[in-house]
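Look over the structure below with its charged side chains in mind. The report starts with salt bridges, then turns to the overall fold.

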Amino acid sequence: MRILTALLATALLAGCMDTTNGVSRLAPLVSTGDPEAPYGAAISQSQCEQLALREISPLLKNPASARYSFSSCGPRSESTLGLPGLKGYSIDVRVEAQNDWGIYTDPLPFRVLLRDGEVVRRWRFDTRRGQMVAF
């Protein structure tokens, strides 16, 4: 019964993915930020993705093999990130890349916070702690 439930949930969630131009995009994040908050200059989805890739790619052993999935880039505040005083545009990125042995790893989540076209902060998922940590 659990296997059937898991398969059904996977099938339903797979329908939420958009694979335009060979890049899968995660469902958009919900922004609950204050519309009056100063998030910095607006940034397009493609600019947001490029800046996130610039931060994440150097961390990979084999960046050329990487497969990325992006969330929508949108304004976030301390209420949605859990960090006081940080406001900007945030994008979540899931990365699958080959390791030293040429084997693809499990997807690793990252988050990048941008403000006025610059990276303010970045996070990665720490498997030992089971949470996102700044790096």
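## Salt bridges

The whole structure, a predicted model, holds 4 salt bridges. One of them pairs Arg-122 with Glu-55, at 3.1 Å from N to O. Arg-122 sits in strand 7 (residues 118–126) and Glu-55 in helix 2 (residues 45–56), so this bridge ties together parts 67 residues apart in sequence. Arg-122 is partly exposed, at 22% relative accessibility. Glu-55 has 19% and counts as buried, because the buried class covers values under 20%.

Asp-92 and Arg-111 form another salt bridge, with an N to O distance of 2.6 Å. Asp-92 belongs to strand 5 and Arg-111 to strand 6; the two are 19 residues apart. Asp-92 is buried, with 14% relative accessibility.

Lys-61 lies in the loop between helix 2 and strand 3 (67–70). Asp-100 lies in the loop between strand 5 (88–96) and strand 6 (108–115). The pair spans 39 residues and links distant parts of the chain. Are these two residues buried or exposed? Both Lys-61 and Asp-100 are exposed.

## Fold and surface

The protein has 3 helices and 8 strands. Their order from the N terminus is α-β-β-α-β-β-α-β-β-β-β. Of contacts between residues at least 6 apart in sequence, 51% join residues at least 24 apart.

The protein has 135 residues, and 30% of them are buried. Its accessible surface is about 8,600 Å². Carbon and sulfur atoms account for 55% of that area.

Notes
Residues numbered from 1 in each chain as written. Predicted model: local features only at pLDDT ≥ 70, side-chain atom pairs only at ≥ 80, totals over all residues. Heavy atoms only, no water. Helix = DSSP H or I, 4+ residues; strand = E, 2+ residues; numbered from the N terminus. Buried < 20%, exposed > 50% of the residue type's maximum accessible area, 1.4 Å probe, protein only. Contact = heavy atoms within 4.5 Å. Areas by Shrake-Rupley, 256 points an atom, 1.4 Å probe, with all protein chains shown as cover. Salt bridge = Lys/Arg side-chain N within 4 Å of Asp/Glu carboxyl O.
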